Amino acid sequence: MLPNESPETQARFTGFEATYDAWSKARLADVGVTEGWNCLEVGGGSGSVARWLARRVGMGGQVVVTDLDVRFLSGIESRNLRVREHDIVRDELEADTFDLVHARLVLMHLREREQVIARLVRALRPGGWLVLEDCDMAYTAVLDSATADAQALTDKVVRAGTAALREGGFDPGWGRRQYTALRRRGLVDVAAAGYVVACGADSPGTELFRASYRLLGDRMIDTGLITGEELDAWFAATADPSYTWFSPLLVSTRGRRPSTPVPPDGTEG
Ligand SMILES: C[S@@+](CC[C@H](N)C(=O)[O-])C[C@H]1O[C@@H](n2cnc3c(N)ncnc32)[C@H](O)[C@@H]1O
């Protein structure tokens, strides 16, 4: 529903990078990614996290970055960074290989997310880390706006946007469900933390949502949860320099594959 071939994609990828990269890199540094690690970045988008990982693991390490559509990854390959056109739902994936598997803002879009987690866990070498990052769309807060009903408009827009995306398998609450999902797959040392940041009217973080809702506009109206006039009013409110809101909560959940084998059904014990 948000295809990479659309003209809005550059704004969306710039928004992810500007809003979430510093947080994501800190989470990855926290699991200890360092010289010599073998890493898999799934659904890498424009590759900003993959490029950072490649610098971090050095020439003794290796990063593979995959995406269904690799057009924004062209030209980033280097001796320790490989780009792979790959569907994480359907295509083969090596087993017992990676010290780190990371996927940001990918699984919440995939109806088959539970099977995908099982594949990602199998791809880890024993002791390797899985780090998943996805939003929990339940929380939005407008911090400042010249528009009196900006919070109500924002709530409506987010609700209609997530309802439109649900048809494609999107789970707006996946961020909070990762934790249990990783535990059920037999991972250990599971931990989670969340991140929000204030985004102004002209910030990449706000433009990312404006770009997404431009793409989804008609579908959002079709849900019956918002009118065309309300959507226009939200675009006007978010264009006013006073507008500032919290980015939707990004939940980062990590878990480590135990050193003993994970059973085929992923259950513990
Ligand atoms: C919301 S973007 C996030 C991009 C990047 N991970 C980031 O956070 O900046 C989702 C990305 O996942 C990719 N994607 C969607 N379905 C996929 C699949 N089945 N296998 C691999 N990549 C997929 C999309 O092409 C897109 O680049």
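When I say that two residues are in contact, I mean that their C-beta atoms, placed from the backbone, lie within 7 Å. Please also keep in mind that what we have above is a predicted model.

With that in hand, let me start with helix H2, which covers residues 48–57 and lies across E1, E2, E3 and strand E4 (98–104), running at about 170 degrees to E2. Which residues of H2 are buried? They are Ser-48, Val-49, Ala-50, Leu-53, Ala-54 and Val-57, and these buried residues pack against H1, E1, E2, E3 and E4. In general, an α-helix has 3.6 residues a turn, so residues three or four places apart point the same way. Just after H2 comes Gly-58, which takes a positive phi of about 70 degrees.

Seven strands form an open sheet with mixed pairing, and their order is E3-E2-E1-E4-E5-E10-E7. The edges are strand E3 (81–85) and strand E7 (188–195), each of which pairs on one side only, and neighbouring strands of this sheet are turned by 15 degrees against each other on average, direction ignored.

Let me turn to the ligand. How many residues surround the ligand? There are 19 of them, and the closest are Phe-16, Gly-43, Gly-45, Ile-88 and Arg-104. Helix H1 (9–30) and strand E2 (62–67) each supply at least two residues of this shell, and H1 gives the largest share, three residues. Sorted by class, the shell has eight nonpolar, six polar and five charged residues.

Finally, the protein chain as a whole, which has seven helices and ten strands. Its C-alpha atoms fill a box of roughly 55 × 40 × 30 Å along the principal axes. Why does the radius of gyration agree with a compact globule? Because a compact globule of 269 residues would have a value near 18 Å, and the protein chain has 19 Å. Of those 269 residues, 42% count as buried, and among the contacts with a separation of 6 or more, 77% come from residues 24 or more positions apart.

Terms used:
Residues numbered from 1 in each chain as written. Predicted model: local features only at pLDDT ≥ 70, side-chain atom pairs only at ≥ 80, totals over all residues. Near = placed C-beta within 6 Å. Helix = DSSP H or I, 4+ residues; strand = E, 2+ residues; numbered from the N terminus. Nonpolar A, V, L, I, M, F, W, Y, C, P; charged D, E, K, R; others polar. Pairing = 2+ DSSP bridges. Axes fitted to C-alpha atoms, helices over the stretch in contact; angles between N-to-C directions. Rg over C-alpha atoms; globule rule 2.2 N^0.38 Å. Buried ≥ 20, exposed ≤ 12 C-beta atoms within 10 Å, placed from the backbone.
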